[in-house]
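Dear colleague,

Please find below the structure that I am handing over to you, followed by an account of what was found in it. I would be grateful if you read the two side by side.

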Amino acid sequence: MNVVVQTSACVGAGQCALVAPEVFDQDDDGIVLLLEAEPHGADAEAATRAARLCPARAISLT
């Protein structure tokens, strides 16, 4: 799995960082930061959940 984020689409809701803190964080403005582009195991499952929860659809998985 490969995680891609569109920072320009991010609205700073923070669901990604709450659900998958090993994969995502937020900068000082609340915009998503990608920590792990190729998560595995439980982190991959959490990244999938975070992508579904993102209100701006700023996270995509390939």
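A cavity is here a set of points, on a 1 Å grid over the protein atoms alone, where a 1.4 Å probe fits but cannot get out. Grid points are joined across faces, edges and corners, and a volume is the space filled by probe spheres set on the points. The largest cavity has a volume of about 100 Å³ on this basis, and the count of cavities of 30 Å³ or more comes to 1.

Two remarks on the source come before the rest. The model is predicted, and local features need pLDDT of at least 70, side-chain atom pairs count only at pLDDT 80 or more, and totals for chains, interfaces and linings use all residues. Residues are numbered from 1 along each chain as its sequence is written, and side-chain values use heavy atoms, with hydrogens and water left out.

The lining of the largest cavity consists of 15 residues, and C10, A13, G14, C16 and C54 lie nearest its centre; a lining residue has an atom within 4 Å of a point. By class, 10 of the lining residues are nonpolar and 5 are polar, with no charged residues. In this scheme Ala, Val, Leu, Ile, Met, Phe, Trp, Tyr, Cys and Pro count as nonpolar, Asp, Glu, Lys and Arg as charged, and the others, Gly among them, as polar.

Turning to the overall fold, the protein chain has 2 helices and 4 strands, arranged along the sequence as β-α-β-β-α-β. Helices (H or I, at least four residues) and strands (E, at least two) are DSSP runs, numbered from the N terminus. The C-alpha trace spans about 30 × 20 × 15 Å along its principal axes.

Of the 62 residues, 34% count as buried, where buried means under 20% relative accessible area, exposed over 50%, and partly exposed in between (1.4 Å probe, protein chains only). Among contacts with a separation of 6 or more, 55% are accounted for by residues 24 or more positions apart; contact means heavy atoms within 4.5 Å.

V19 and A46 are 27 residues apart in sequence, with their C-alpha atoms 6.1 Å apart. L53 belongs to helix α2 (residues 41-53) and is partly exposed, at 35% relative accessibility. With neighbours within four places left aside, L53 is in contact with Q15 and V19. From L53 to C16 the C-alpha distance is 7.4 Å, across 37 residues of sequence.

Two loop residues complete the account. D27 lies between β2 (24-26) and β3 (32-34) and is partly exposed, with a relative accessible area of 30%. The C-alpha atoms of D27 and A42 are separated by 24 Å. R57 sits in the loop between α2 and β4 (59-61) and counts as exposed, at 54% relative accessibility. Its phi is near 55°, a positive value in a residue other than glycine.

With kind regards

Methods:
1 Å grid on protein atoms, 1.4 Å probe; cavity = no way out; pocket = protein on both sides within 12 Å on 5 of 7 lines; lining within 4 Å.
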